[in-house]
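Please open the structure in a viewer and keep the sequence panel at hand.

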Amino acid sequence: GLYFVVTAIQYWASDYFITEFVREKAEVTAVFVGVSASAPILGVVAGSSTTDLLGGLDSLRQVAKICRVACAWGFFAAVAGVCAALVQPQADTSHFVAEVSAMWVLLFFGGAIVPSISKINLEAVPFWCRPAASTFTMMGYHILGFALGALVPGVLSDHFGRHLAMQVSLSVSVVSLAGMLACILIADSQVRREARGMPAVAAHVPQATETGPSGAVGAVEIVNSFAPAGALRGAGRVPHVGAQGAAAA
């Protein structure tokens with residue numbers, strides 16, 4: 001949802017300002033550059049700094065806490081998106097300033113979500129399938145976010161006008177907020193499971209089982225976790241390296 005809205009603004013906001021708010025092209029270009037260069041960057045810096053100040057993502061409780069903070073940012077972004085959608089396009093400066101301000105707030109809080117949510121998304125899956133998870137995530141970003149964010153407003157604009165197209169595009173941020181609320185519920189359930197002494201359903205990072213006398217950890221299990229059956233040592237798996245094996249090496 002975030003990338004859908006950002007792409008819609010990137011592709012269609014300038015034309016929307018020129019045609020619906022009757023602004024000069026030079027003015028629109030300057031305003032667009034200022035908004036797109038300041039809001040997302042400041043949002044990412046603020047979001048990552050806040051995550052670090054709150055203690056990072058080192059435990060389930062911390063993940064639940066950061067999810068709540070990210071959801072609050074998502075709420076502000078969604079409110080800003082709805083406000084931007086409700087601004088009626090007119091030629092006077094006040095409406096134009098209100099629209100630009102709402103878009104700036106939307107992009108700022110949207111950028112603040114990115115650092116923590118990107119890390120949580122990747123670490124929510126087991127270690128051995130993170131490359132595939134990252135691939136599917138990027139595919140989703142490009143198809144559902146970047147591609148549809150450029151395509152859908154154009155189709156709606158051709159059939160219903162630019163104003164309705166931008167209203168729909170900016171309101172998609174509300175759908176993203178619903179997904180973030182679901183993340184909070186999942187994180188809280190994990191914390192409750194941990195408090196009751198039950199194993200949390202979390203990502204498992206393969207660990208070496210033995211350590212040599214020099215302190216070097218044998219990472220053979222990590223290799224085995226990625227290798228397909230029969231790919232290492234014929235039809236078997238690489239054995240664990242114990243203290244004697246490490247010393248012999």
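**First stop: a threonine**

Select Tyr-3 and Thr-7: the backbone oxygen of Tyr-3 lies 2.7 Å from a polar atom of the side chain of Thr-7. The model is a predicted one, in which local features need pLDDT of at least 70 and side-chain atom pairs count only at pLDDT 80 or more, while totals for chains, interfaces and linings use all residues. Residues are numbered from 1 along each chain as its sequence is written, and side-chain values use heavy atoms, with hydrogens and water left out.

Thr-7 belongs to helix α1; helices (H or I, at least four residues) and strands (E, at least two) are DSSP runs, numbered from the N terminus. Is Thr-7 buried or exposed? Thr-7 counts as buried because its relative accessibility is 2%; buried means under 20% relative accessible area, exposed over 50%, and partly exposed in between (1.4 Å probe, protein chains only). Contact here means heavy atoms within 4.5 Å.

**The whole chain**

Zoom out to view the protein, whose secondary structure comes to nine helices and zero strands. Of its 249 residues, 31% count as buried. Among contacts with a separation of 6 or more, 73% are accounted for by residues 24 or more positions apart.

**Helices α1 and α2**

Select residues 2–20 (helix α1) and 25–53 (helix α2), which pack at an angle of about 145° with their axes 9 Å apart. Axes are lines fitted to C-alpha atoms, for helices over the stretch in contact, and angles run from 0 to 180 degrees between N-to-C directions. To display the contact, show Ile-9, Gln-10, Ala-13, Ser-14, Phe-17 and Ile-18 of α1, together with Lys-25, Val-28 and Phe-32 of α2.

**The loop between them**

Next, select Phe-21, found in the loop between α1 and α2. Phe-21 counts as buried because its relative accessible area is 0%. Which residues does Phe-21 touch, not counting residues up to four places away in sequence? They are Tyr-16, Val-87, Gln-88, Pro-89, Gln-90, Ala-91, His-95, Phe-96 and Glu-99.

**Recorded transmembrane regions**

An unreviewed UniProt entry lists residues 30–54, 66–87, 93–114, 135–156 and 168–187 as "transmembrane region". Select two of these in turn. Residues 30–54 are 96% helix and 0% strand, with end C-alpha atoms 36 Å apart. Residues 93–114 are 100% helix and 0% strand, with end C-alpha atoms 32 Å apart.

**A glutamine in helix α3**

Move to Gln-62, which lies in helix α3 (residues 60–86). With 15% relative accessibility, Gln-62 counts as buried. Show Leu-54, Gly-55, Gly-56 and Leu-57, which Gln-62 touches, not counting residues up to four places away in sequence. The backbone oxygen of Leu-54 lies 2.7 Å from a polar atom of the side chain of Gln-62.

**Last stop: helices α5 and α6**

Finally, select helix α5 (residues 130–160) and helix α6 (residues 162–171), which pack at an angle of about 145° with their axes 7 Å apart. Their contact is made by Pro-153, Leu-156, Ser-157 and Phe-160 of α5 and by Arg-162, Leu-164, Ala-165, Val-168 and Ser-169 of α6.

Notes:
A polar contact is a pair of N or O atoms within 3.5 Å; within protein, one must be able to donate a hydrogen and the other to accept it, and residues adjacent in sequence count only if both atoms are side-chain atoms. UniProt positions are given in the numbering used here, feature names are shortened, and annotations may be inferred rather than shown by experiment.
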